[in-house]
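Here is a short report on one protein chain. Please keep the sequence and the structure in view while reading.

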Amino acid sequence: MVDDAAGVEECGAVGQRVLAAAGGQREGALRRLAQLGAADPALRQEAVDAVCAYLRTPSEGVRADGPDADDRRAAARVLAGLLRPAVAAVGVDLAGATLVDADLGGCALAGARFDDARFLGTTSFAGARFAREAIFARALFYGEACFDDAEFAADAVFGRARFRGPASFAGAVFGGMAWFGRGEEELWEDDPAWETAEEVRPAEWGEPNEDDPDWPVAVLMGDYQEWTEGGDGARFVGPVSFRRARFTGPAWFYKARFGAEAAFGRAWFGGPVHLDQPAVDLSDARWAGSADDEPVCWPLGWTSELGPDGANEPAGPQGPSGAEGRTAPDGEATVLVPDSSVAPYARQLADPDPDVRRVGLRVLGELGDARPELRQRVVDAVCGYLRAPLPFPVTGELTAAQAGEVELRRAAQRLLAARLRPGPGALDAPAGPASGFAHWAGMSLSLCGATLVDLDLSGCVVDYADFTAAQFHGVTRFDGSTFEGAVFRLGGPEGRASFHGDVTFAGARLDRFRAPVEVLGAVVFHATHDLPTPS
């Protein structure tokens with residue numbers, strides 16, 4: 001064992017060499033850090049801090065096959081070696097870092113900060129243990145991300161995280177809050193976090209069909225009250241699995257977005273849940289919460305009820321529903337089953353087959369026409385479908401499959417518009433009120449961050465509409481529409497909507513109390529537009 005003071009001093013010196021050197025010299029310095037941490041557990045934190053300091057260095061233009069990539073791979077391997085055969089977990093600060101093909105599977109971490117980190121290539125935290133809060137807010141995963149069987153002892157914060165490739169949390173255990181929803185945090189006036197809140201530098205946006213680089217940036221609200229990280233939750237472009245995952249605390253997916261299959265089969269929920277996206281599959285999932293757990297929000301088409309005899313008995317060593325390595329708490333758990341109260345809708349919007357989804361849209365429209373008490377839930381489900389991220393640009397030359405997806409999006413928009421027009425007197429428009437559908441009065445639209453193509457809400461009457469950061473492509477019509485309130489931005493220029501094609505607001509009332517220029521302030525128009533005049 002080396003002398004502690006000397007070891008700390010050498011760790012610092014070697015860490016400086018890692019920052020200043022390149023190529024073989026940097027690799028040699030990284031190896032020395034690994035040796036120091038392995039030789040004396042008391043130096044592991046110092047060695048980890050030195051490696052993290054290098055990984056946090058600016059990395060504009062770094063690619064998985066770029067000149068700096070091999071050094072970052074080597075640094076990630078050294079970091080993993082320092083964190084794996086751990087007697088005690090070690091804190092990691094990789095906020096804003098860039099990692100390439102990072103394999104931290106099986107590592108033991110104390111406080112872990114990965115907010116605004118960029119993960120290039122393949123990333124693995126499989127079997128990792130997080131002893132304290134794990135922060136992945138606004139992190140960007142470019143490739144496949146694996147958190148299978150990871151254990152989060154405290155809160156796991158994934159608000160505003162983006163997963164551009166497949167992601168898996170199969171078998172993961174969330175001991176605190178599982179936060180995949182809208183990024184929002186309240187701060188006390190004397191909280192030191194205020195000193196750095198405005199210094200957040202999120203990963204580049206660069207999402208298809210969107211052009212707001214400030215969308216993920218923290219927005220200060222009021223005077224020392226709170227700050228809000230956009231109005232969106234975690235974004236999964238590819239398929240994601242939470243199969244067999246265990247959520248001991250709140251499972252918060254409010255405003256999360258799923259662009260492909262979201263599998264929660266055999267998952268176990270122990271508290272409040274907000275999981276309302278149509279793409280979610282809850283087959284054989286269990287909920288063990290109580291009437292005091294509010295809110296509990298499932299996707300349209302699912303509900304919780306007592307299962308068949310024996311299905312809800314306290315589980316043995318295999319855990320709920322046979323999930324390996326999990327033990328259910330005492331008491332009953334209810335099984336998630338298809339919701340007969342919204343039949344004949346049978347979760348078709350979650351189906352990968354576009355023809356099935358097309359049928360699902362028709363069924364939803366007919367369901368709302370027949371049952372007024374379900375109309376807002378139907379609207380919410382269709383809006384959730386429209387908020388699903390698309391992995392390709394909607395303009396330009398499209399494949400047949402891509403063109404089909406865009407047309408389905410138009411069909412969902414038409415379903416809403418046809419039922420939000422109150423009658424023949426509203427507007428003499430070609431797509432207008434001659435549809436014969438009953439008017440769905442008092443509806444609210446939640447289209448935050450949605451990609452909308454040729455949206456025609458002309459003559460529609462809506463209660464409240466959230467178009468924060470929505471992207472309008474093609475020709476957009478709001479002429480003659482009436483809103484009790486509509487928002488197109490978070491505050492200032494942040495989270496503003498963009499119109500990529502022509503748009504008309506002639507005769508529209510966007511807010512009962514605010515002038516159009518106030519409602520549309522900071523909104524970006526890339527083509528012709530007219531603003532409604534105050535009434």
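## Model and conventions

This is a predicted model, in which local features need pLDDT of at least 70, side-chain atom pairs count only at pLDDT 80 or more, and totals for chains, interfaces and linings use all residues. Residues are numbered from 1 along each chain as its sequence is written, and side-chain values use heavy atoms, with hydrogens and water left out.

## The chain as a whole

The chain has nine helices and 41 strands. Both are DSSP runs numbered from the N terminus: helices are H or I with at least four residues, strands are E with at least two. Of the 535 residues in the chain, 52% are buried. Buried means under 20% relative accessible area, exposed means over 50%, and partly exposed lies in between (1.4 Å probe, protein chains only).

The accessible surface comes to about 21900 Å². Carbon and sulfur atoms account for 52% of that surface. These areas come from the Shrake-Rupley method with a 1.4 Å probe; for residues, only the protein chains shown count as cover. Among contacts between residues at least 6 apart in sequence, 50% join residues at least 24 apart. A contact means heavy atoms within 4.5 Å.

Two packed helices are described by the angle between their axes and the distance between the axes. Axes here are lines fitted to C-alpha atoms, for helices over the stretch in contact, and angles run from 0 to 180 degrees between N-to-C directions.

Helix α3 spans residues 44–55 and helix α4 residues 69–83. Their axes come within 10 Å and cross at roughly 160°. That makes α3 roughly antiparallel to α4. Angles over 145 degrees count as roughly antiparallel, under 35 as roughly parallel, 65 to 115 as roughly perpendicular, and the rest as oblique. The α3–α4 crossing is left-handed. The term left-handed applies if the near helix is turned anticlockwise from the far one by less than a right angle, right-handed if clockwise.

From α3, the contact uses Arg44, Ala47, Val48, Val51, Cys52, Tyr54 and Leu55. From α4 come Asp71, Arg72, Ala75, Val78, Leu79, Leu82 and Leu83. By class, these residues are eleven nonpolar, no polar and three charged. Ala, Val, Leu, Ile, Met, Phe, Trp, Tyr, Cys and Pro count as nonpolar, Asp, Glu, Lys and Arg as charged, and the others, Gly among them, as polar.

## Helix α6 and its partners

Helix α6 (residues 354–370) meets helix α7 (residues 375–386) with axes within 9 Å and a crossing of roughly 155°. That makes α6 roughly antiparallel to α7. The crossing is left-handed. Arg357, Leu361, Leu364, Leu367, Gly368 and Asp369 of α6 face Arg375, Val378, Val382 and Tyr385 of α7 in the contact. Its classes are six nonpolar, one polar and three charged.

How do the axes of α6 and α8 cross? The axes of α6 and helix α8 (residues 400–420) cross at roughly 5° and come within 10 Å. The two helices are therefore roughly parallel. On the α6 side are Pro354, Arg357, Arg358, Leu361, Gly365, Glu366 and Asp369. On the α8 side are Glu405, Leu408, Ala411, Ala412, Leu415 and Arg419. This contact has six nonpolar, one polar and six charged residues.

## Backbone details

The peptide bond from alanine 343 to proline 344 is cis, with omega near 15°. Proline 344 sits in the loop between β31 (334–338) and α6.

Two residues other than glycine have positive phi. Aspartate 116 has phi near 65°. It lies in the loop between β3 (108–113) and β4 (118–120) and is buried at 6% relative accessibility. Arginine 160 has phi near 70°. Its place is the loop between β11 and β12 (162–163), and it is buried at 2%.

Aspartate 155 is in the loop between β10 (151–152) and β11 (156–157). It is partly exposed, at 32% relative accessible area. Arginine 132 is 23 residues away in sequence and 7.4 Å away in space, C-alpha to C-alpha. Beyond four places in sequence, aspartate 155 touches Glu133, Ala134, Gly176 and Met177.

Serine 168 belongs to strand β13 (residues 167–168). Is serine 168 buried or exposed? Serine 168 is buried, at 15% relative accessible area. Leaving aside neighbours within four places, serine 168 contacts Ala145, Cys146, Phe147, Asp148 and Ser241.
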